[in-house]
Amino acid sequence: MSIPPQAGVEDRLQKFESVVIRFAGDSGDGMQITGNQFTQTSALFGNDLATFPDFPAEIRAPAGTRPGVSGFQIRFASTDIHTPGDAPDVLVAMNPAALAVNLHDLKPGGVLIVNTGQFKEQDLAKARLDKNPLTDGSLDGYRVIQIDINKRVADALLGSPLSPKEVQRCKNFYTLGLMYWLYNRPLDPTLAWLADKFAKTPDLVEANQKALRAGYNAGDIHELFQGRYEVPKCETMPKGTYRNIMGNQAVAMGLVAGAERAGLKLFFGSYPITPASPILEQLAAYKNHGVMTMQAEDEIAAVCSAIGSSFVGRLGATATSGPGMALKQEGIGLAIAIELPLVIVDVQRGGPSTGLPTKTEQADLLQVIFGRNSEAWLPVVACATPSDAFDCAVEACRIAVQYMTPVVLLSDGYIANGSEPWKLPEVEDLPSFPVTFRSDPKDFQPYSRDERLARPWVKPGTPGLEHRVGGLEKEHLTGNISYDAENHEFMVKLRAQKVMAVRESIPTPKVHGPAKGEVLVLGWGSTLGTITGAIEQLQKEGVKVARMHLRHVWPLPHGLDDIFGRYTSILVPEMNLGQMVRVLRSEYPHHNFVSYPKVQGQPFRVDEITQRVLSLMEK
Amino acid sequence: MAHETTTAPMTTPGPAPVTKKDFKSDQEVRWCPGCGDYAILNMVQTVMAGLGIPRHDIVFVSGIGCSSRFPYYMNTYGLHSIHGRAPAFATGIKSANPKLSVWLATGDGDGLSIGGNHLAHILRRNVDVKILLFNNQIYGLTKGQYSPTSPVGQKTKSSPMGTIDRPFNPLAFALGCNATFVARTIDTHQKHMQGVLEAAAQHKGASFVEIYQNCNIFNDGAFDDIAARDVRDDRTVDLRPGKPLVYGKNSDKGIKIDAMETKVVSAAEATVWNASTKSGAPAYVLAEMDLEKPEKPVPIGIFRSVEEPTYDQEINRQVAAAIAKRGPGKLRDLIWSGETWEVS
């Protein structure tokens, strides 16, 4: 939907199915908090929603400059939605830089709320604008609402004990109040949040609450808008209890859940890295769940400490992003050789090297599948949405302990920082995979195999089972060092075979749409929402196109060859230069895979996918 | 298949072993004949037998290099890991199960070159792990390149004109990391090694023991000037806490620490050694005596021994404290936390 250029004056409360708002301001303007509060309130109100925070890597880039712009996009809807929306219906720009960076995304005729108090000459200069966009005609075609928020906040907080600088820091809550009025949202959740957040400084509680109310009241008093809008509750969401969840939070909870369903205690060794650090922070707060966290001296020590903990019978896990993944690879190779369970979370970001730390990408796929010395295979699971990250973390734990292997869980920046409503599962409905440690010394051999080809897991401290493991090649069964040629080839094949055996425990993904035809859109990871949105739209328009999504990206599940054979082309959109396509072409050489790469640090838009599908069909 | 190793039947549980023999694994020891590592292995097995810790509660961890083959020869649990990272594995092991007695075998290359970072951090964290650094001042397993402890000017395969790198003093390194137990011994000095290893084993916290070890293939006789039986007494001074710093064949010479300098004095004037001073500075001053050989003796023995909370204790204490304060976490409560709403 888009808000019509002139909302009817008579119709004071217009209903919409879905609205996309983007809050944009300086890194210090509190846009992430504003966005999160709007999200939380909309979630409690009962909307389906999806969010996309987009912020710079610098903590505080020079104030007022374009690199310092921080944005938060939220889409809230009365119907099921899959993405935070392509283009915002409403853009809130707190300064000229935020306007300049974001305006091109705003829908034609969209609502633009501008803080004119921040449009002085020096502000324009910081944003490298020669002319004032408020007066040069560049905003024609949008519904511009100009408010001097700086002044209004100062007026509203007249007499406050806060300094003028501190008063100005309440601007974001004034803005939030205004948006609450416009979209008919209750103030209570944010009032309560402020009271809790600043409990130790009552002056801040009062000032921010006052600013929020002032913003809300301004909507009523000042006739800024011609009407209010409403996005009713989403009635099609499945029944249940929900909470809003971010991807990194879901991974942290999923690891705790996975360890518990294995009957193990979690050890999490990690080194801070954007955008994965919140997983460490979150788990450090879960100590009462028996979780042990260690902030290691580097990425290598992080994975090695986790492997050490697995060696003595905990579930070792670690999380990182691309550059850290590169450093961990030798350690992961050892875990493959000594066949111990381990979960490595890779929250992908733009690369190569330091790349774009706060932006999203899917270009670690080949690194995690193939990036170690020699034949060092491991299973890879890729989560698709923030709430799916919970299930995928549990799944990664399952595979790790059942197959005695390291497992990589791929997430990305888009999932990590994005959020969505999560229908809370009951613990007993989660998969259960209790571990049995070997304790019987009779006929014990450290490298004997069970039906899954997994070797026994022995806790040091167990009498009579003393044994040594290491990175040197091991003799089949005994685990003794062996340089024998035949044995080496046998062991290399056995380890690979064990990883491929994971396929016996995973389902063939479902095809959504026609079971055969011209185009199948195949996705993996965080492209799910966009692809789903695009395909549903096309199907509504009568286009015969199907989609399928991969959760297990290595080994690939059974049944794909047969499915691929039923379509003329298989379109694979991914945020890299076609890494999954390379894997697919080598595994299934007889099908027509069409790569659709995008590497801009930004997720695909729905219209990009629909257009690519249509152009493929025209050929 | 032809295998180099033999497979003996697995042992069954029984009473805690008491003899050195119980700590010998079924693996054939494959160091070069005449290597100083044999003497270290022999003494570690001897000391182990006297500790009263059951074999199944002991873990030996190592990295890569000649010294890092050590775990294969100990009939305990063992992890032969990757180059330089043994301290990180050991930290995970000891934290996850503090009941285990964890030992780490490393070398000058593994511990101070590729793994310098991890060695620094296991020491400053004070993880209760016994670290044995075999220092032979050479890379043995890669066949004779210089190491971070090779003296300046040493000619090796990778330094045909002599090394230009200034070497590490492992003791000074450990003291700089605020290690709580720092000692040095010599492979050929079995009795001395026994005393040092026993003290290291008794210490609660990270124990760092540098062992001068002769590589008879690539750096033969590197320590002969101080360690050979006939010169040892005159060329080394043994640091024994509570005892004066006396040395010499006739125990007639002493070392006095005065204004952050060491002086050779008569035995009567020798400083009574205190390894537990608040500051590690006196230990550091002694460690630096290496630079003044042959005028001054090379110090061996116990440089530092202080009690500090251990990382493994603390990490477990925090978990226990969180459980005591908030009750054992229930998974459902965790999932169902935060602000929730109903869709009906």
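In the predicted model, Val519(A) has Val545(A) in E19(A) as its bridge partner. Strand E18 (residues 517-524) of chain A and E19(A) run parallel and are joined by six bridges. Both belong to an open sheet of four strands, ordered E19-E18-E21-E22 (chain A), with parallel pairing. Strand E19 (545-550) and strand E22 (593-597) of chain A each have a single partner strand and stand at the edges, so one side of each lacks a neighbour in the sheet. On average, neighbouring strands of this sheet are turned by 25 degrees against each other, direction ignored.

Two helices lie across these strands. Helix H17 (residues 528-540) of chain A lies across E18, E19 and strand E21 (567-574) of chain A. H17 runs at about 165 degrees to E19(A). Helix H19 (residues 579-587) of chain A lies across E18, E21 and E22 of chain A, at about 145 degrees to E21(A).

A helix pair was also examined in chain A. The axes of helix H7 (residues 188-197) and helix H8 (residues 202-221) of chain A come within 9 Å and cross at roughly 165 degrees. H7(A) and H8(A) are therefore roughly antiparallel. The crossing is right-handed. Thr190(A), Leu191(A), Leu194(A) and Ala195(A) in H7(A) meet Val205(A), Asn208(A), Gln209(A) and Leu212(A) in H8(A). Five of the contact residues are nonpolar, three are polar and none is charged.

In chain B, strand E7 (residues 236-239) is covered on both faces. Thr236(B) and Asp238(B) are buried on one side, Val237(B) and Leu239(B) on the other. E7(B) pairs with strand E11 (residues 298-305) of chain B in the parallel sense, over four bridges. Asp238(B) stands opposite Ile300(B) in E11(B).

Conventions: Residues are numbered from 1 along each chain as its sequence is written. Chains are lettered from A and ligands numbered from 1 in the order in which they are written. This is a predicted model: local features need pLDDT of at least 70, side-chain atom pairs count only at pLDDT 80 or more; totals for chains, interfaces and linings use all residues. Axes are lines fitted to C-alpha atoms, for helices over the stretch in contact, and angles run from 0 to 180 degrees between N-to-C directions. Angles under 35 degrees count as roughly parallel, over 145 as roughly antiparallel, 65 to 115 as roughly perpendicular and the rest as oblique. A crossing is left-handed if the near helix is turned anticlockwise from the far one by less than a right angle, and right-handed if clockwise. Two residues are in contact if their C-beta atoms, placed from the backbone, lie within 7 Å. Ala, Val, Leu, Ile, Met, Phe, Trp, Tyr, Cys and Pro count as nonpolar, Asp, Glu, Lys and Arg as charged, and the others, Gly among them, as polar. A residue is buried if 20 or more other C-beta atoms lie within 10 Å of its own, exposed if 12 or fewer, and partly exposed in between; C-beta atoms are placed from the backbone. Two strands pair if DSSP finds at least two bridges between them.
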